[in-house]
Amino acid sequence: GCFVFKPSPKKRKLSQKTANYFGERNNASEDTDLRFVTCQSLWNQIKSETEQIQEDLNKQLFDNLVSFLRRSHSEFQEKTTEWTCRMKSREIPTAALVLGVNVTDHDLTFRSLSEVLQNNITPYIALLEAKDCPGIKNLIQKLMGQLMNCYIDVDSLEDEDHVQVSQNRIRCSMTSIISWYQNVTKKTDSETRSKKRTSSSRHWQSPPVVVIFKDMESFTTKVLQDFIVISSQHIHELPLVLIFGIATSPMIIHSLLPHSVSSLLCIELFQSLSCKEHLSTIIDKLLLTAQLPFKLGEKVLQVLINIFLYHDFSVQNFIKGFQLCVVEHFYSQPLSVLCCPLVDAKKRVNSLSRDQCENIRRLPSFRRYVENQVSEKQILLLTADNFLKEITQKLLEDLHVYHENYVSVLRCLHVFTSSLPKYPLGKQIRELHCACLENQVWQTEEYESFLQLARMLNKSDLVTMLEQCVEIFVSSSGKEFDKIVEKLKEFLTQFQELEEAFQERDGSVSAQKELQKKTDLYHLQKTLLELKESRRSRKLTKFEMLRFEVVEYIDSLVRAHLVPADHKTLHEIVYFNTASVLRGHLNAAPRVALHTSLNNPYCYLKNQALKNDGGNISNKAPDICIVYKLHLECGRLINLVDWLEAFSTVVTAAEGPNADATSSDQVDDIIHARFIQAVSELELLGFIKPSKQKTDHVARLTWGGC
Amino acid sequence: MPNLEHPAYPADTLLHLESLMPCRESQVSMLLSIFGERQQFSFPSIFIYGHTSSGKTYVMQTLLNTLQLPHVFVNCVEYFTSRLLLEEILIQLQSCSSETEQTSHVPCDNFNDFVRLFKQAVVSRKLQDQTLYIVLDRAEQLREMEANILPAFLRLQELTDRNVTVVLLSEIVWELFRPNTGCFEPLTLYFPDYSIGHLQKILSQNHPPEYSADFYAAYINILLGVFYMVCRDLKELQHLAVLNFSKYCEPVVRGEANERDTRKLWKNIEPHLKKAMQTVYLREISSSQWERLQHDDGEPGQLKGLSAHTHVELPYYSKFLLIAAYLASYNPVRTDKRFFLKHHGKIRKTNFLKKHEKQTICYRVGAKNRTEGITKERTVNEGNSNKCNVTKINGQKTSNHLLGPKPFPLDRLLAILYSIVDNRVAPTANIFSQITSLVTLQLLSVVGHNDQLDGPRYKCTVSLDFIRAIARTVNFDIIKYLYDFL
């Protein structure tokens with residue numbers, strides 16, 4: 001606990017250091033400090049938001065767990081004399097907590113869980129991990145350590161010396177845990193009697209001891225079984241509750257524990273929210289909002305989502321990737337000073353330096369903008385800094401408005417697409433978002449099919465969708481939406497009128513009624529054909545006209561507001577788009593990197609002498625590279641003598657033909673040593689290993705080795 | 001007139017003992033006669049075995065407690081090291097006779113110390129003139145401790161030269177205990193399982209105070225009718241009886257039936273008990289959930305059991321990795337070419353099999369030929385082809401799914417992965433870490449990881465149903481790729 005109160009100067013120093021790093025590359029621009037500060041504040045905002053989301057999502061689960069824990073031992077404490085309680089064998093209350101396969105996220109969940117429990121139920125919580133508990137002895141040791149520490153944490157420091165008995169002097173067994181528990185509860189009991197009752201009312205007299213097994217799958221059966229058997233014998237003295245953290249499926253309990261052991265447990269199942277839903281919420285709250293000034297480009301977002309869906313399902317990793325994007329953006333883009341709330345951005349534009357103005361002029365999107373202006377304005381834009389600043393402010397505002405509109409219209413479009421059969425533009429809003437960012441969505445085939453399907457919607461669906469859209473627009477903060485809302489409401493009233501009109505002349509369904517009367521097949525077919533004919537030739541009904549209009553209107557909204565971001569001027573300031581950097585950082589390919597470094601050392605060493613043609617082996621390359629290249633030509637088993645020969649040929653090749661003739665049959669000692677060193681380096685890297693099949697041979701372990 | 005007889009104890013104590021331990025009279029009387037009177041030396045070690053819940057622990061505990069014999073009772077699972085076990089015995093010994101607070105705890109590292117300390121303790125507690133009993137429950141654990149522990153306990157009387165008897169309780173037979181080096185043979189005593197009549201008698205004994213004994217006995221009868229086939233564990237049966245009793249009483253409480261209306265009561269409870277057998281007995285749903293359901297009169301159908309949640313959500317490439325691992329585990333290596341090469345030609349399974357099987361069969365028959373001599377070569381060759389057919393059919397029957405998963409190297413897994421995933425997969429660190437996380441999730445298991453440098457070998461541990469469910473989510477027809485289903 002002593003590190004908690006460490007003064008903060010150290011921290012400040014550290015952040016200054018990072019700030020220095022920040023300016024290292026672009027030392028020309030002086031806004032680095034400001035950029036760093038902006039980056040930090042933005043990240044803090046994102047962090048607190050994600051934590052809040054996490055908390056909200058877990059709330060339901062934690063509430064359930066807390067009520068389960070409350071219930072678990074109260075029954076026995078209240079009515080021990082009753083017949084049923086006397087006769088029933090007392091099981092250990094157990095919560096099976098299914099958390100999904102994203103193991104990296106579990107830590108955070110368990111941390112917040114233990115916090116919640118500590119606040120609501122009991123101070124006695126132990127978190128156990130499989131890697132700490134290879135045997136029952138280690139498990140009990142760990143358990144005791146954690147329980148007794150938490151006792152110190154809860155009490156004030158006054159009686160610390162009382163508990164500070166060295167670990168190995170305490171007997172690590174269940175009996176000592178029980179006697180510790182009895183001591184502790186007795187003490188708190190007497191304390192509460194002396195103090196006010198209310199002070200400790202959040203924990204009751206004998207709070208349960210909660211033991212959390214973080215990764216149930218990895219525990220060995222023996223340890224778990226022994227622990228359960230032991231603790232079930234002492235359940236009367238020690239109110240124990242187990243929580244199993246399960247990553248796969250609750251079936252694992254039955255496969256780990258035999259019936260004789262699982263019959264000692266009273267298992268209830270709790271399921272956490274699926275990580276996909278979690279991600280959707282995060283994307284919804286972080287990306288599809290105009291609040292945050294920072295945006296992700298299409299490719300970058302795709303990389304992050306792909307890593308999530310294809311590889312790890314980890315929301316934490318997604319957020320980390322997002323953080324990397326933020327840092328990378330502020331680090332690499334000098335104009336990112338302007339990536340802040342609009343009000344600040346406008347102020348900052350005024351104080352931009354000459355260099356920064358040049359930076360703006362160099363932006364491709366800005367150049368495109370300039371090209372579309374009249375020539376006088378072009379000159380002004382390219383020469384007068386003040387005019388440029390003015391225009392920049394306007395453009396930034398435009399960009400902000402665009403974002404506000406974009407989000408609402410996107411949600412609106414999603415309302416339509418998500419209810420259509422086969423989801424032409426994707427089921428999730430993130431897919432739609434990516435499609436819109438990528439290029440003009442109305443030019444795609446999927447959009448075409450969306451329009452076709454939308455023109456076939458029935459009335460009740462259409463009305464509910466329109467209502468939802470109205471809600472979206474009303475709740476969003478955009479200013480231009482009044483007109484849209486009005487228009488949509490008008491559609492709704494028209495539908496309403498239509499319905500009333502329809503009810504008045506109810507007779508029109510007679511054709512359908514006739515249909516029901518006809519029983520023989522021939523006539524039925526005939527009438528059906530007639531109906532079809534008439535439908536084709538018939539003029540559109542009022543409803544169909546109206547539906548057409550609605551779809552047209554939605555289409556116009558999409559065309560107006562869902563323009564891809566990279567068509568917008570100055571989008572470079574707020575959008576992070578360099579996916580390759582992100583991919584390099586997050587999706588590392590160790591095998592490929594190793595191969596390139598050994599095969600083409602120039603790639604990393606940047607030594608001009610090494611820069612050469614693909615095929616032949618240069619003798620200037622490091623020894624290990626030469627050895628590596630030579631070994632690529634061999635089969636599964638490599639003859640060391642041949643290898644050495646080839647090596648010495650390559651190395652001595654540069655000395656030219658006038659090299660000593662005497663040394664040709666006798667390999668130089670130095671070359672021999674270099675060869676041996678290079679080979680053992682390769683062995684260390686795991687490319688080869690000594691073979692027992694043949695003497696003087698080594699076996700290849702990599703590509704094409706078998 | 002009590003069934004038990006013993007000169008040292010009064011008749012009413014014995015009668016009380018008998019009522020406490022029904023259906024175990026012969027064992028108790030046997031034990032009593034072995035124990036003899038308080039001051040008499042008893043047999044040095046007694047080994048009691050019998051199936052789960054045949055009353056071993058209960059009998060020993062009640063016997064020693066009611067007769068107030070000095071004893072120490074230790075569970076060997078709980079005290080998992082020899083040091084803990086020996087210390088626990090000494091601690092219990094210290095607090096056993098004298099009521100004073102336990103003195104400072106003495107470390108006891110080995111059996112030599114134990115014998116010394118034990119002698120001291122016996123003298124200081126003035127227990128020399130009566131037999132001290134040390135009961136070691138779950139004694140099979142002793143075999144996992146140091147080799148000298150078990151033999152030493154067996155001749156503790158001799159080693160300490162005190163009046164002490166060690167009683168070992170276990171679920172397995174003595175033959176599995178006997179060390180290679182030999183040891184003192186304890187007196188073995190078998191506790192047979194309770195018969196259905198015994199169970200009926202014991203369970204009916206504790207009837208709730210609100211209801212008559214007959215009523216409860218009728219209930220127990222129905223209960224045993226349902227559960228006796230699957231469960232003979234007394235404790236578990238007791239638990240189930242209590243859990244379901246309130247449902248049994250329901251018609252009586254509501255006034256629809258009286259206590260003697262057994263048929264009506266049976267109709268009411270029987271389907272309920274059957275449901276309990278499928279759910280709460282298997283711990284699919286917990287007993288507290290069961291009680292709540294009963295209380296609210298809800299259908300157990302609403303509550304899904306643990307096994308109902310078999311679905312596991314995996315990342316996209318993890319699914320393919322798992323599928324690839326499954327294929328690698330259950331397909332022979334030589335078939336990989338046929339399944340995963342684009343231009344494998346028209347190699348059907350029969351061809352495959354012929355080539356492979358023929359080789360082995362011809363080899364076998366060839367060996368036979370040599371013994372039979374060369375004269376009949378032609379005739380034997382004719383018979384050869386017949387035999388080939390026979391064994392081929394047999395060969396087809398030995399499915400890889402019956403043999404279980406086979407280990408495969410990492411390279412093969414990746415090669416199969418690359419060929420079953422449609423788009424290009426880069427061998428990134430993410431892919432490798434996914435393999436590791438599949439191992440931690442116990443969907444794959446590592447085989448023999450002693451050589452870190454050598455390519456690691458894995459086994460796929462999931463079932464066919466599981467992998468089919470996974471494959472369905474990614475539109476991969478796994479059956480088409482499995483050699484067994486060709």
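An α-helix has 3.6 residues a turn, so residues three or four places apart point the same way. The 12 residues of α19(B) reach 17 Å from the first C-alpha to the last, close to the 16 Å expected at 1.5 Å a residue, the expected span being 1.5 Å times one less than the number of residues. Just after α19(B), B:Gln442 takes a positive phi of about 65°.

This is a predicted model, in which local features need pLDDT of at least 70 and side-chain atom pairs count only at pLDDT 80 or more, while totals for chains, interfaces and linings use all residues. Residues are numbered from 1 along each chain as its sequence is written, chains are lettered from A in the order in which they are written, and side-chain values use heavy atoms, with hydrogens and water left out.

Turning to the interface, the contact (heavy atoms within 4.5 Å) draws 64 residues from chain B and 62 residues from chain A. Together the two chains bury about 5,300 Å², 60% of it on carbon and sulfur atoms; buried area is the accessible area, with a 1.4 Å probe, that two parts lose on being put together, summed over both. Between chain B and chain A there are 5 salt bridges, each a side-chain nitrogen of Lys or Arg within 4 Å of a carboxyl oxygen of Asp or Glu. A:Arg591 forms a salt bridge with B:Asp411, with the closest N and O atoms 3.9 Å apart. On the side of chain B that touches chain A, the elements giving two or more residues include α4 (82-97), α18 (410-420) and α19 (429-440) of chain B.

Helix α4 of chain B also holds B:Glu88, which counts as buried because its relative accessibility is 7%. Leaving aside residues up to four places away in sequence, B:Glu88 touches A:Arg171 and A:Thr175 as well as B:Val74 and B:Tyr79.

Chain A itself has 32 helices and 10 strands, a strand being a DSSP run of E with at least two residues. Of its 706 residues, 46% count as buried.

Definitions and conventions. Helices (H or I, at least four residues) and strands (E, at least two) are DSSP runs, numbered from the N terminus. Buried means under 20% relative accessible area, exposed over 50%, partly exposed in between (1.4 Å probe, protein chains only).
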